[in-house]
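Here is a short note on the charged pairs in this model. Please read it with the structure open.

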Amino acid sequence: MAITPRFTRADVEKRFQAFLDEIERKQIERLQILGEMCVIHARSVPAGQGFEDQTGNLRSSIGYMVFNDGVAVHRMYDTVSNGSEGAKTGEALAIKVGEASKGICLIVTAGMNYALYLESKGRDVIASAEHLAQRTLPRMLEKLVSNIKRAAE
């Protein structure tokens, strides 16, 4: 008496692809959370440590995008006070960097050209947000891997 499967190879491949798609979705979701944390942190740095927000452009240029193989899948750039130029500049910078990316990645920017100048003078424009991401991402990925292992058991 032979055992006859009630599924096809295509069924197995479909189920496996659905599992991989869910992992990808969770990765993107985690990077969105991290991006929002970084933007909130960078925009909330007090003027004494960071910068004076005269035009609103630098603060609104702080934002993030999540890319999957060079395609933007999520973005957060919004105008803070009068800084619509900053939001456009920050988003354009993120697109320029993200379009060349492979895999799933998070791009956080301070898009105005003088952000680097302020950072070089010891002002915190986005540096502390980068440190936040460096501390937080490994824990987020560790938790994701743990959840994947649990789901696969």
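1. A cut-off comes first. Buried means under 20% relative accessible area, exposed means over 50%, and partly exposed lies in between. Arg75 has a relative accessible area of 41%, so this residue is partly exposed. Please keep in mind that the model is predicted.

2. How many salt bridges does a search of the whole structure find? The search finds four.

3. Start with Arg75. Its side chain meets that of Glu91 in a salt bridge, at 2.3 Å from N to O. This pair links distant parts of the chain. Arg75 sits in strand β2 (residues 71-76), Glu91 in helix α3 (residues 84-98), and 16 residues separate them. Glu91 is at 22% relative accessibility, so Glu91 too counts as partly exposed.

4. Now helix α1, residues 9-43. Glu22 forms a salt bridge with Arg25, and their closest N and O atoms are 2.7 Å apart. Both residues lie in this helix, three residues apart, or about one turn. Glu22 is partly exposed at 34% relative accessibility. Arg25 is partly exposed as well, with a relative accessible area of 40%.

5. Arg25 has another partner. Its side chain meets that of Glu29 in a salt bridge (3.2 Å, N to O).

6. Arg25 pairs with Glu22 and with Glu29.

Notes
Residues are numbered from 1 along each chain as its sequence is written. This is a predicted model: local features need pLDDT of at least 70, side-chain atom pairs count only at pLDDT 80 or more; totals for chains, interfaces and linings use all residues. Side-chain values use heavy atoms; hydrogens and water are left out. Helices (H or I, at least four residues) and strands (E, at least two) are DSSP runs, numbered from the N terminus. Buried means under 20% relative accessible area, exposed over 50%, partly exposed in between (1.4 Å probe, protein chains only).
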